[in-house]
Amino acid sequence: MEFKQTRQGYVDGLKELAKDHDNLVVLDADVAKATKTYEFEDEYPDRFFNCGVQEQNMLSVAAGLALEGYIPFASTFGVFATCRAGDQMRNSIAYPKLNVKIGATHCGISTGGDGASHQANEDIAIARVFPNMTVLVPGDYEEAKQATIAAAKHNGPVYLRFGRDAYPVVEEVHTDFTIGKAKLLREGTDITIITTGIMVSEGLQAADTLSQAGYSVRVLHLPTIKPLDVEAVIAAAKETKGIITAEEHSIIGGLGEAVAGVVGEHHPCPIIRVGVQDVFGESGQADELLDLYGLRAKNIVEAARRIL
Amino acid sequence: MIDEEKIIELKKKAVEIRREIVTMVHRANSGHVGGSLGATDILVALYYHVMNHRPDQPDWENRDRFVLSKGHCTPVIYAVLADCGYFPKEDLKMFRRPGSHLQGHPHQPKTPGIEANTGTLGLGISTGLGMALGAKLRGQSHYYYIMCGDGEIQEGQAWEAAMFANKYKLDNVIGFVDRNYLQTDGNSEDIMPLDPLAPKWESFGWKVFTIDGHDYQQIIQTVEDAKQETQPVMIIANTTKGKGVSFMENEVSWHGTPPDKEAYENALKELTDGI
């Protein structure tokens, strides 16, 4: 299995876009080596602005650039974009619906060794609660690149969520990326597994295990958390016996609650949310932490068996 | 020197704007009257003499931009924009009312002439700098006027912005600190001291001028001087909160309290007598 970083997909997408989008500019807040935007700076130094350790200023500056017709991609770690600069994201960007893209890397528990202060497990919840904000959570390198390109072509604020580690490349998600559209990866009638971000590979492994046990498993991958593909979610609720959501994020406010909200209003069915429980993480290797916090295929399988 | 007739004209305009401010806030029974009255002379100088703008073409590319970073003072900017013709004066009656484009704090997509969303303090200066950077990238030569409150620059973001402007040599930025020494809870030097303010900005790489923010000669001449500088400029404008209405002047209680009928009528009477 091939492993690649989603943050690499981000910067590769930016470099591709820059060729024919003269008004695309990239900002970073002194983490360019980590977000990978230094690669953009190397190729387009005149269109790169390192704001220093100033996430709040960076997001409002990005708003100003958008007001002047630029497409700014403001890049930093997910925790800093949403928690440190949450107000700037809300009032400078989301409220006036400006064409700012927030490229957030190092999201999720797999950020690892830096520990809880740097592991964004709340960022989807924060980003999606702001009106006008589109929230994209790609599952692998290629999808990250596609999401970045789609974000640039979308007129309005977009929060893009990437990880730190190298994650499995999942060929099945390399279909056309359309904001707001779920990807139906497996058809099935017994249960639906809904994944977002890097949990797509774990979801597919879980589906394989369950299929081998004789169950018919649907797998939906949602690289867009907002706007949610409501139709695909309702269909899953109607056509299967229950839903397991899988996300590398707190079970509060993320994919699981977004799905539960839609299902509860339209077609109630059993839902189990696999994700980080209501706890802060701790330092460790990405693999160790995914095990420790129950973000593995086997955890999805266990959840499914509780419904089946 | 600016000719005396022009200055008399600006002073008369300022009285009209101040009347509109107290009327708006009284009618809405909500809004910030003190800071708006204090900032009036600077906005009048900018919009009626200094700035290059076209009210009938709010999006004209080469216009000078004004960002009201102290976003709570919408009464003054709305009164000025309406008077300039950006939108009908009639709209002022809907200030802070449901369905109105005149929100309590500036909302750029809704209001012609409003350049940026502000309201949380500290946002406007950064946004203004981002806009100014954009103009630099395009090689444009218009100016960005950004007005901050003095209490506002207690926000850390203001100093992040101060560093940023210096790094990118944004000499197309002319900022104002509306220095009235009063903020919501009292005197700025009691709440969170800012003095010595000029050396603070200077140490961040800005050229600083200190002026009387009610003296039209000084406001206009200082802006002309600022345009000769090759670094971002901050004009510390000493002002009187509540200026023009004797019982509101230097009274912190008029920061965010609307005038009742009696106070409103007394204010209008004073402002009429002032013409």
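**The interface of chains A and B, and the cores**

In this predicted model, chain B and chain A bury about 2,100 Å² between them. Carbon and sulfur atoms give 54% of that area. The size of an interface is often given in this way, as the accessible area lost when the parts come together. On the side of chain B, the residues that lose the most area to chain A are B:Leu137, B:Glu160 and B:Phe164. Together these three account for 24% of what that side buries. In terms of contacts, 26 residues of chain B meet 24 residues of chain A.

Polar interactions also cross the interface. Between chain B and chain A, 15 residue pairs are in polar contact, with both residues at pLDDT 80 or more. Two elements of chain B give two or more residues to the side that touches chain A: α4 (123–138) and α5 (156–167). The most comes from α4(B), with nine residues. By residue class, this side of chain B comprises eleven nonpolar, ten polar and five charged residues. The count of salt bridges between the two chains is two. One of these joins the side chains of A:Glu68 and B:Arg138, at 2.9 Å from N to O.

Attention now turns to the nonpolar cores. In soluble globular proteins, nonpolar side chains tend to be buried together. In this model, the largest nonpolar core holds 83 residues. Within this core, A:Tyr159, B:Leu129 and B:Trp201 touch the most other members. Helix α4 of chain A, residues 55–67, gives the most to this core. Its share is seven residues. A second core is separate and has 63 residues. Among its members are B:Ala14, B:Leu37, B:Tyr86 and B:Ile211.

A:Thr6 lies in helix α1 of chain A, which covers residues 6–20. The relative accessible area of A:Thr6 is 1%, so this residue is classed as buried; the cut-off is under 20%. A polar atom of the A:Thr6 side chain lies 2.8 Å from the backbone nitrogen of A:Gly163. Leaving aside residues up to four places away in sequence, A:Thr6 touches A:Pro138, A:Gly139, A:Asp140, A:Tyr141 and A:Ala144, and also A:Phe162, A:Gly163, A:Asp165 and A:Tyr167.

Notes:
Residues numbered from 1 in each chain as written. Chains lettered and ligands numbered in written order. Predicted model: local features only at pLDDT ≥ 70, side-chain atom pairs only at ≥ 80, totals over all residues. Heavy atoms only, no water. Contact = heavy atoms within 4.5 Å. Buried area = accessible area lost by both parts, 1.4 Å probe. Salt bridge = Lys/Arg side-chain N within 4 Å of Asp/Glu carboxyl O. Polar contact = N/O pair within 3.5 Å; in protein donor to acceptor, adjacent residues only side chain to side chain. Helix = DSSP H or I, 4+ residues; strand = E, 2+ residues; numbered from the N terminus. Nonpolar A, V, L, I, M, F, W, Y, C, P; charged D, E, K, R; others polar. Core = buried A, V, L, I, M, F, W, Y, C linked by side-chain atoms within 4.5 Å. Buried < 20%, exposed > 50% of the residue type's maximum accessible area, 1.4 Å probe, protein only.
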